[in-house]
Amino acid sequence: MRIIGPDELVFGVDNIEACQTFLTDYGLTDAGDGRFEALDKTALTVRSVDDPELPAPLKTGSLLRLTIWGVEDQATLDAIEAELSKDRDVVKQDDGTLRSKDDAGFEIAFRITRRIKLDLPAELVNSPGAEPGRGMNVVASNQDAEAKPRTLSHIVYFVPDMEMTAKFYIERLGFVVTDKFTNTGPFLRPQANNDHHVLFMIQTPAYMQGIEHLAFHMQGPTELMLAGSRMVQKGYESFWGPGRHKFGSNWFWYFNSPLGTHIEYDADMDLHDGEWVEREVPMDKEAAQLFLFENVEKWSPGGGPPPGKG
């Protein structure tokens, strides 16, 4: 099935104004009607927690109400409808979107993707021994550079039965395991996306079920660091990072958010195809990151010892 990845996540929140401010500061574009878009039109949508048009929340009260997956074509939608209708309700909306639930009880939907194809420059790097990535006299460091999320990258669920939930996405929807943390959860990619993962799940007690974090891809590590630094300057609380993961190799920086979940900037994720052989290791701090930095205040030589060194 030619599923691409998450097109849109819909939240029911207590403080819409705080969420709107956060998502704008994060770099998404306010497209109106509670929808905040990345450059390719993938999006987060925020509604009032008591909006009657929202799907019912999980018993845990998680603020995520709906995960909408984008697919390539109508044939994929037809195949999903036929497959899921074998054992659960599938509702076809007027615009062709399919609504259902996965085996963990998350509300899910599928539609022909609304994302647009991007044609944007990559981060350019000059490396000794290689042809220059940037031309002569082209400066890489720009304090005022725009730092905009390009696309909704991935989502991570807390689930009470990791094996059951993973089986649903693998056997019913054609997702592939790229890597796995033993007794914790698998990294999954769909057939129409070569990213290391668009979905990851973590085994937790039932009372914790919900969304653990979501992420958007940035241009590269420099843009990630610039965007994250700006969030810190605006007073948002850094949760984890900056750093670089081992599985997926993506750079990361996570922030606490008023959406009841962590929101991550990521950059430079590995790509895989059918030739890739999955890896499996126990989950621990060494497996979770290649390295991890601590964000501190800026400092200059001659101004005393660096922060924390006095």
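These exercises walk through a predicted model, each with a worked solution. Residues are numbered from 1 along each chain as its sequence is written, and side-chain values use heavy atoms, with hydrogens and water left out. In this predicted model, local features need pLDDT of at least 70 and side-chain atom pairs count only at pLDDT 80 or more, while totals for chains, interfaces and linings use all residues.

**Exercise 1. The nonpolar cores**

Find how many residues the largest nonpolar core has, and list what Leu44 touches.

Solution. 
- Start with the terms. A nonpolar core is a set of buried Ala, Val, Leu, Ile, Met, Phe, Trp, Tyr and Cys residues joined through side-chain atoms within 4.5 Å. Buried means under 20% relative accessible area, exposed means over 50%, and partly exposed lies in between (1.4 Å probe, protein chains only).
- The largest core has 58 residues. Those with the most contacts inside it are Phe11, Leu44, Trp69, Phe110, Tyr169, Leu199 and Leu214.
- Now take Leu44. Contact means heavy atoms within 4.5 Å. Leaving out residues up to four places away in sequence, Leu44 touches Leu9, Phe11, Leu23, Leu28, Gly34, Arg35, Phe36, Leu214, Phe216, Leu259 and Ile263.
- Another core, of eight residues, lies apart from the largest one; among its members are Phe187, Ile202, Phe247 and Ala287.

**Exercise 2. Ala104**

Decide where Ala104 is placed and whether Ala104 is buried or exposed.

Solution. 
- Helices (H or I, at least four residues) and strands (E, at least two) are DSSP runs, numbered from the N terminus.
- Ala104 sits in the loop between β7 (98-101) and β8 (107-112).
- Its relative accessible area is 16%, so Ala104 is buried.
- Look for neighbours from elsewhere in the sequence. Not counting residues up to four places away, Ala104 touches Met164, Thr165 and Gln209.
- Compare two distances. Ala104 and Tyr157 are 53 residues apart in sequence, and their C-alpha atoms are 9.9 Å apart in space.

**Exercise 3. Salt bridges**

Work out which parts of the chain are linked by Arg115 and Asp7, then by Asp33 and Arg47.

Solution. 
- A salt bridge is a side-chain nitrogen of Lys or Arg within 4 Å of a carboxyl oxygen of Asp or Glu. The whole structure has 21 of them.
- Arg115 and Asp7 form one, at 2.9 Å from N to O. Arg115 is in the loop between β8 and β9 (151-159), and Asp7 is in strand β1 (residues 3-13). The two are 108 residues apart, and the pair links distant parts of the chain. Both are buried.
- Asp33 and Arg47 form another, at 3.3 Å from N to O. Asp33 lies in the loop between β2 (29-32) and β3 (35-37) and Arg47 in strand β4 (residues 43-48), so this pair ties together parts 14 residues apart in sequence. Asp33 is exposed at 63% relative accessible area, whereas Arg47 is partly exposed at 22%.
- Glu107 and Lys101 also pair, at 3.9 Å from N to O. Glu107 counts as buried at 16%, and Lys101 is partly exposed at 44%.
- Finish with the network. Salt bridges with shared partners join Asp7, Glu8, Arg35, Glu37, Lys41, Arg111 and Arg115.
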